[in-house]
Each structure stands twice: as structure tokens, then as C-alpha cells.
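Me: I would like to learn how to read a structure feature by feature, with the general idea first and the particular case after it. Could you take me through one?

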Amino acid sequence: MNILAEQYLLEMKNIHKRFPGVYALKGVSLQLKAGEVHALLGENGAGKSTLIKILGGIYSKDEGEIYIEGKKTDIKSVNDARAAGISIIHQELVLVPYLTVAENIFLGREPKKKSGFLDEDEMIRRTGEILNELGLSIRPTDVIADLNIASQQMVEIAKAISFGSRIVVMDEPTSSLSDKEVDMLFANIKKLTQRGIGIVYISHRMSELDAIVDRVTVLRDGEYIDTVATKDTTNDELVAMMVGRSLDNYYVRTYNKCEKTVLEVKGLNNNKLHDVSFDLREGEILGFAGLVGAGRTETVRAIFGLDKLDSGSVKLDGKELAGKKPSEILKAGICLVPEDRKAEGLFPEMSISFNETLKVLDQFIKGISVDHNKEQEIIDRYIKALSVKVADVENPISSLSGGNQQKVIIGSWLAAGPKILILDEPTRGIDVGSKSEIYTIMNELAKQGVSIIMVSSELPEVLNMSDRIVVMCDGRINGVMDHTEATQEKIMQQAVLV
């Protein structure tokens, strides 16, 4: 038996994985102790997802060994992983929305009576025990679709426990959670580790490391860089390991003198918004802050014509746009990069070139004639301008990392020549290097006179990138402040003031 592996709940040694044209993992190792929260860090494309999919039985490794509690284990399928005590909670939850909590937790392995029929009472009883163990107020009979994202995530954790999992992987578990919901998640993670369960924790939020993580393993370009104790390192040192360089100017911002008003929003009202009014100036980055459900996304959707208004005015350079269709608003010069880029911002199975040019087809298609040179010029211009890392523009956009997908989406809107660019959570789920590049792009656009509305749940991002900050709560604007006076404390005070 491997002596070293006896120290660990999980040990992945010298893992290699190759895809056609891509060497995804080059001798990567990961060790997880019982009762430990171990962060796996790296930029998008560093190999984190590939390593976890090998652990979960979705991919097979080309080389290397996996040990579970010191025993060499061959994982060839999802069932093999589950039998080995491994559960993966993906960023995009895989629950069935119209089934109950109990039905989701025991889906495919429902308890049966001696007669062979479903024992619903037993399923509800066992689900209740698990939920009580986690201190959750969720009921076994609650329908998943009626639960918020945080509660759905807790159901995934409960499901992992029901399998008797000793190893739980959490992929970006806090990306859609409010601060209160994050606290609840962290409390449940602590309960899991107290039972000896090991957690592999994947997150781009560096601020979470000190709160929850014991050790960190860093990957870069498919290679193992180092494993360090959280208490023995700094975020700056981790970032340098992730990107191969220091990010001295992480937030890139040149504040401009913004005077000319280009957008006037007055008295927006519907079932989610209450008398929302503000203005946007030329070359300004206007940040929108607030808690989950404050009405920020609903505001930008209403401006872009996606959500119906009961009353209110939206004027671009004095021209009324309220009540117009999104296509008309786009033509007027307003573009929206949505919060959920996978569902609303791109066609994942279509090519990078298709996604890049979809909004400007009229620039190179006239009737049945296609100007392929013009099409290629547009693609090359924005791929280069936004430093998109791509092997072949005819590959599906889903083959790109999250950060590069986001840059393609931004590029597709920039090709339309917007006066106003609305970015809803522009850096959610992407790595620190890509974040810095997007901040640079935003700053350059503002210098060129493009006005930007940025909705973000990350207060450091709002504070460091905004000229002014709008704070929303319960569908209302509670305050607008200049970046020179804004602090996290002031923003939070207005974000909870009703």
C-alpha cells in the first residue's frame, strides 16, 4: 500500500489528460485530507474542470493514479465515483425543478416497500433527517422550482450526504448567493468537515479563502504549480502563481471628466421596480450595487426593452425609447451583455465566429450576397482587440474558457458600435487574469466616450471601476454617490435601508 497516500482521504497523482490538439493536464497532483477544505485555484482553462471531471468519472485519465483513503481506485464512470464516496456539486445545478426535495435527493434510488411500490413515507422521513442534520428549514415536500438558488444548493449538499460521500467537490458555490446565503453555506461546510468529509472548493472569489479554506492548490496552463496553507500565503502571491505574473494594476481605471448626459431614466415602474430614476453621462462607468433581488438586473432589462414597464421614461440623447423593442433599442445605440451569458448571451454549440458576428450580420450580408472578407475583418478586429485566446474561430464557443467567452460576447456588442454598453455581472465566474483584462477594456471604452452601466455584486469591483455608484434596495434607488466618497460601509448601509 502507498504509505504517503495513507495520510490523505484523496490523492490524485501525476494525472495527464489529452484532447485532440489540447494537452489539458500535464502531470497534475492533488491531495485532500479528511475534514479539510482544499481550494483548487487557477485561471479559466488552467485544468481545474478537467481534473474534477476525471475525479467524477466524466472523463477518463490518460496517465496517473487515484487513491481513496490509501487504496488505489480506478474511476471509469460517474457510478464508480459515487461508489468511491465522491459527489460533485456543479455551478449549474442539476436538480429536476418540478420534483420535490425528497424526490430529487432519492432520484433513481427511491426506497421501496416489500410489495415493490414506492415507499414515499420512508423517502420523506430519510430526507427530513438529512435536512435536520444540516439545520435547514427546507421541507422534504417542497418543490425545487419554489426554492431560491441558495436553498437549491443546500439540497445538492443534502443529496451528497445521502450517498454517504466522504469527498465533496463544490464548483463556484457562492457565485449566485447573497452575503447571508454565503454565511449559511459556510456554516454547513463547517458541519461537513466536522464529520470528516473533505471538500474540494473551486472559486474565483479570493476573499473567501481566509474564511473557509485550509489549503490551496494552484494550476496554470494544465500544470501543477504548488500547494500552500492559506495561513502561510497572501492573495497577491496566489494571484501571481495563477497568472504567472503579478497584477500590480488589477483594477485599471482612468477617471474622466463626465459632464454630458446621454441617458435619462425617469420614474420606471412595474411589479419589480418603483420610481427608478437616474442619468448616465458620456464616457462614464455607472456602477449599480445592491443585494440579490434589489432590482438591478430588472432595471437594465427594462431599459433594454426586455421587461415591460407600467410607466416611466428612457431617453437616449433626448429620444424616447420606453416601450420600444430590444431590436429598436439596439439600433438606437444601447447594448446589453446579460447576467446569464450561457442562457441569454451566446449560442454554445455554434462557432466563435458565428457568436462574434451575430449582431452585425447586416454589415457583411446584403440580400443573398455575403462579403466574407468583411466578416473576417470584424472577427479578427475584436478577437485581437480583446485578446481572446482562441485556436480556431470555427470551433464552438463552448470550447473557450469562461473569460474568453465573456470577451467574445462583449466584442459582438462592440461590433454594433454602441453609445451605451450595459454589463450585468461582467466578471462573474471568470478568473482574475480575465477580470483584469475586462477592466482594461472597460476603461478604454470609457476613454473613447462609450458610456457603461455596470451591475455587479462584487463591491471591490464597483468601488474601483465606477465614476458614480447607484445603490438599489427592494426595487428602489436608495442613493447615488461619487467614487471619491463611496465606501463599502456606505454602500451596504444604503443597500439594506428600506
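This is a predicted model: local features need pLDDT of at least 70, side-chain atom pairs count only at pLDDT 80 or more; totals for chains, interfaces and linings use all residues.

Me: Which strands does helix α17 lie across, and at what angle does it run to β21?

Reply: Helix α17 (residues 488–495) lies across β13, β21 (468–473) and β22, and the angle to β21 is about 35°.

Me: What is the order of the strands in the open sheet of 6 strands?

Reply: As a general idea, strands of a sheet pair through backbone hydrogen bonds, either parallel or antiparallel. Here the order is β16-β19-β20-β13-β21-β22, and the pairing is mixed. At the edges stand β16 (334–337) and β22 (476–482), each of which pairs on one side only. Ignoring direction, neighbouring strands of this sheet are turned by 20° against each other on average.

Me: How many bridges join β13 to β20, and which residue is the bridge partner of G287?

Reply: Strands β13 (residues 285–289) and β20 (residues 451–455) run parallel and are joined by 4 bridges. The partner of G287 in β20 is M454.

Me: How should I read burial in a strand, and how many residues of β8 are buried?

Reply: A residue counts as buried under 20% relative accessible area. In strand β8 (residues 198–202), 5 of the 5 residues are buried, so the strand is largely enclosed by the rest of the structure. G198, V200 and I202 point one way and I199 and Y201 the other way, all of them buried. Strand β3 (residues 37–41) runs parallel to β8 and is joined to it by 3 bridges, with H38 opposite V200. Strand β7 (residues 167–171) also runs parallel to β8, through 5 bridges, and there I167 has G198 as its bridge partner.

Me: Why is helix α1 described as largely enclosed, and which of its residues are buried?

Reply: An α-helix has 3.6 residues a turn, so residues three or four places apart point the same way. Helix α1 (residues 48–55) is largely enclosed by the rest of the structure because 6 of its 8 residues are buried. The buried residues are K48, T50, L51, I52, I54 and L55. Just after α1, G57 has a positive phi of about 80°.

Me: Where do D221 and D275 lie, and are they buried or exposed?

Reply: The general idea is that most residues other than glycine have a negative phi. D221, although not a glycine, has a positive phi of about 50°; it lies in the loop between β9 (215–220) and β10 (223–229), and its relative accessible area of 56% makes it exposed. D275, likewise not a glycine, has a positive phi of about 55°; it is found in the loop between β11 (261–269) and β12 (276–281), and at 52% relative accessibility D275 counts as exposed.

Me: What lines the second largest pocket?

Reply: The lining consists of 15 residues, with V78, R82, S87, I88 and H90 nearest the centre of the pocket. Two or more lining residues come from each of α2 (78–83), β6 (86–89) and α5 (149–162), and β6 gives the largest share, 4 residues. The lining divides into 9 nonpolar, 3 polar and 3 charged residues, and the pocket has a volume of about 330 Å³.

Methods:
Residues are numbered from 1 along each chain as its sequence is written. Side-chain values use heavy atoms; hydrogens and water are left out. On a 1 Å grid over the protein atoms alone, a cavity is a set of points where a 1.4 Å probe fits but cannot get out, and a pocket is an open set with protein on both sides within 12 Å along at least five of seven lines; lining residues have an atom within 4 Å of a point. Grid points are joined across faces, edges and corners, and a volume is the space filled by probe spheres set on the points. Ala, Val, Leu, Ile, Met, Phe, Trp, Tyr, Cys and Pro count as nonpolar, Asp, Glu, Lys and Arg as charged, and the others, Gly among them, as polar. Two strands pair if DSSP finds at least two bridges between them. Axes are lines fitted to C-alpha atoms, for helices over the stretch in contact, and angles run from 0 to 180 degrees between N-to-C directions. Contact means heavy atoms within 4.5 Å. Buried means under 20% relative accessible area, exposed over 50%, partly exposed in between (1.4 Å probe, protein chains only).
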